[in-house]
Amino acid sequence: MHLELKEITKRFPGVLANDRISISVDRGQVLGLLGENGAGKTTLMNILSGLYRPDSGQILIDDKMRTFDDPAEAISAGVGMIHQHFQLVPVFDVTEAVALGAETTTGPLRTFDRATARQRVAELSEQYNLHVNPDSRIEDLPVGVRQRVEILKALYRKSDILVLDEPSAVLTPFETEELFGIIRGLADGGTTIIFITHKLNEVLEVADHITVLRRGTVAGSADPKTTSREQLANLMVGRDVELSVAKKPSTPADVVLSLKDLFVRDDRGHMAVKGISLDVRAGETVAIAGVQGNGQTELVEAITGLRAADSGTILISGVDVSHATPRRVSDLGVAHIPEDRNRDGLISQMTVAENYILDAYHREPYSKNLVFHPEAVRQRAENGVQDFDIRTPSIDTVAGSLSGGNQQKVIVAREFSFPVKLVIAAQPTRGLDVGSIEYIHRRIVEQRDAGAAILMVSTELEEVLAVGDRVAVMFAGEIVGIVEGAEQTFENVGMLMGGHVG
Ligand SMILES: Nc1ncnc2c1ncn2[C@@H]1O[C@H](COP(=O)(O)OP(=O)(O)OP(=O)(O)O)[C@@H](O)[C@H]1O
Ligand SMILES: [Mg+2]
């Protein structure tokens, strides 16, 4: 179907999130929607999918004006949306997750007709090459497959227009390639697709047309066949962006973090980290590369006190923290940028300023001689918002109402607001726009140059190569290789990531 959004305007308290935005997509086309953090992408798509009502403006589907009072109305008009943070009920199986809520009921009591639903799920999975087993339990599925379940859900509801909000942020490169194949297949079959991403190479690969938003308005459009990453970056943030990282060679000093023979179990009790030994010195950045799910999450949780180590030791500046609490670890001068910001990083019901004191209210200058100084907190929060260009109406805005990328920036700003000896950064730029990535990379290098030891975990190969002074590759719970200098190449790290040693 042809989709047109005309002059859409949406205001939130203190923010004009969408300011007369117009976009249009033809049947069977993929529109890449780009824009810096807080530009208004998710808001616009939430309007299209019936979650919000626009203050003004129109939604036209095949030239007919539509208004949606809720998501169910948008779904019945053929609009399916896969959200930035999607949620499937873990205890459901695939058939239930896909079919429940849609009208597959039979008989006078309108009970759930499982057999029919299961068959349709299987057929759709087959037809669109989704490789999803209708009987699998959601909680047993890797994130890439869960995402395909979300796509199934949209197909099951006969979506002619499909919106994917940053679908690749948590996918492995292989899963992303698969997803692109699925998107192309759907578009060839006539589905109209809007694809939001911050990864410029992806949008160049998959989109037929690109629209860029900036500060709630359309900043411009581009043709993927003729534009470049540099041009897109410029259009997004309104200036040239350094897509590489400038840094001097490292000057490693004393060991700050020392891991010896570390074993850590995952939630299910399986050994996820299998005998890792690694030293990170002051003044160097060690980047841990690897495909998601090779023990990196458990490794970081163990170091930061969120998960108990099974055996082995973790020393920070010589202090054994193998069984320390997160607060104790942080008081040793450790900054932690957590992988899951919604679980470990921010309390979304609290304001930006309140999030600054979560683990730090007892520290100077916030507390002095048992007296709490709220103005010190406010000052640092204000500085953070300034320095990191956090798009928020004020420091008294609740963190949960910020855009995904701006929530991530609040965490980084807070963690860097105290002097640190060690930085543990897990996927520090996930979900961030190119301008913010540039800034955060620069701040990490600054911390290193000021003498902090940095352990960065990232699944983004480009980031690992650009920021790391040494790259340690994790595979199946072990470090299968450490490369540096001339050895630190795309090919070498890529090979190790796939488990090909030597
Ligand atoms: N429910 C809400 N309440 C208040 N403000 C909101 C709400 N949702 C979004 N906003 C604000 O609207 C603006 C646009 O946010 P939006 O989530 O659309 O950005 P985005 O382009 O998706 O950014 P990102 O790339 O970081 O996901 C932001 O300033 C955000 O703080
Ligand atoms: Mg968003």
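This is a predicted model: local features need pLDDT of at least 70, side-chain atom pairs count only at pLDDT 80 or more; totals for chains, interfaces and linings use all residues.

**Exercise 1.** How many residues lie between strand 1 and strand 2 in their hairpin, and which residue in the turn has a positive phi?

Solution. Residues are numbered from 1 along each chain as its sequence is written, with chains lettered from A and ligands numbered from 1 in the order in which they are written.
- Strands are DSSP runs of E, at least two residues, and helices are runs of H or I, at least four, numbered from the N terminus.
- Strands pair if DSSP finds at least two bridges between them; strand 1 and strand 2 (residues 15-25) have 7, in the antiparallel sense.
- Phe12 has Val15 of strand 2 as its bridge partner.
- The hairpin has 2 residues between its strands, and Gly14 in the turn has a positive phi of about 80°.

**Exercise 2.** Find the residue opposite Glu4 in strand 4.

Solution. 
- Strand 1 (residues 3-12) also pairs with strand 4 (residues 56-61), antiparallel, over 5 bridges.
- Opposite Glu4 stands Leu60.

**Exercise 3.** Describe the open sheet of 4 strands and the helix packed on it.

Solution. 
- The order is 14-13-16-17, with antiparallel pairing.
- Strand 14 (271-281) and strand 17 (319-320) are the edges, each pairing on one side only.
- Strand 13 (residues 255-265) and strand 16 (residues 311-316) share 5 bridges, and Ser258 faces Leu315 of strand 16.
- Helix 9 (residues 296-303) touches strand 13, strand 14 and strand 16, contact being heavy atoms within 4.5 Å.
- Its direction makes about 120° with that of strand 13; axes are lines fitted to C-alpha atoms, for helices over the stretch in contact, and angles run from 0 to 180 degrees between N-to-C directions.

How values were computed:
Side-chain values use heavy atoms; hydrogens and water are left out.
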